[in-house]
Amino acid sequence: MASTLIQFRTDDVSKAQASLICAKLGIDLQVYLRMCMTRLIQENGVPFSMRVDDIKNKGIAALKRSSERAIESGVADMSLDEINAEIDAARAERYGE
């Protein structure tokens, strides 16, 4: 697929601020702009929000979801030995041991 160059002008401060935010998100400005175009086309509109503040809370949210799932499935009070036995059984099933 052929590629094309898209250019636009912005002030230096805006570019620097946007680049800094992208760096905090682990991407560069060019990747972000390609993401925007891809998603814009896929969703036929502006489909997402990425905020640095959201990243800080992802780990805590993941731990809460794991805890809730453990409670729902009745494994929240398992001992370390029981957890390791479950892991060993899953590995044996997966790898035919």
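The structure holds one salt bridge (a side-chain nitrogen of Lys or Arg within 4 Å of a carboxyl oxygen of Asp or Glu). This is a predicted model, where local features need pLDDT of at least 70 and side-chain atom pairs count only at pLDDT 80 or more, while totals for chains, interfaces and linings use all residues. Residues are numbered from 1 along each chain as its sequence is written, and side-chain values use heavy atoms, leaving out hydrogens and water.

**The salt bridge**
- Arginine 39 pairs with glutamate 43, and their closest N and O atoms are 3.8 Å apart.
- Both arginine 39 and glutamate 43 sit in helix H2, four residues apart, or about one turn of the helix.
- An α-helix has 3.6 residues a turn, so residues three or four places apart point the same way.
- Arginine 39 is partly exposed at 30% relative accessible area, and glutamate 43 is partly exposed at 45%; buried means under 20%, exposed over 50%, and partly exposed in between (1.4 Å probe, protein chains only).

**The nonpolar patch**
- On the surface, Ile6, Met37, Leu40, Ile41 and Val46 form a nonpolar patch with about 550 Å² of accessible area together.
- Patch residues have over 30% relative accessible area and no salt bridge, with nonpolar side chains joined within 5 Å.
- Valine 46 lies in the loop between helix H2 (29-43) and helix H3 (52-72), and counts as exposed because its relative accessibility is 76%.

**Helix H4**
- Helices here are DSSP runs (H or I, at least four residues), numbered from the N terminus.
- The 16 residues of H4 (residues 80-95) should span 22 Å at 1.5 Å a residue, taking 1.5 Å times one less than the number of residues; the end C-alpha atoms are 22 Å apart, which agrees.
- Just after H4, glycine 96 adopts a positive phi of about 70°.

Terms used. Patch = residues over 30% accessible without salt bridge, like charges linked within 9 Å, V, L, I, M, F, W, Y side chains within 5 Å. Areas by Shrake-Rupley, 256 points an atom, 1.4 Å probe, with all protein chains shown as cover. Helix = DSSP H or I, 4+ residues; strand = E, 2+ residues; numbered from the N terminus.
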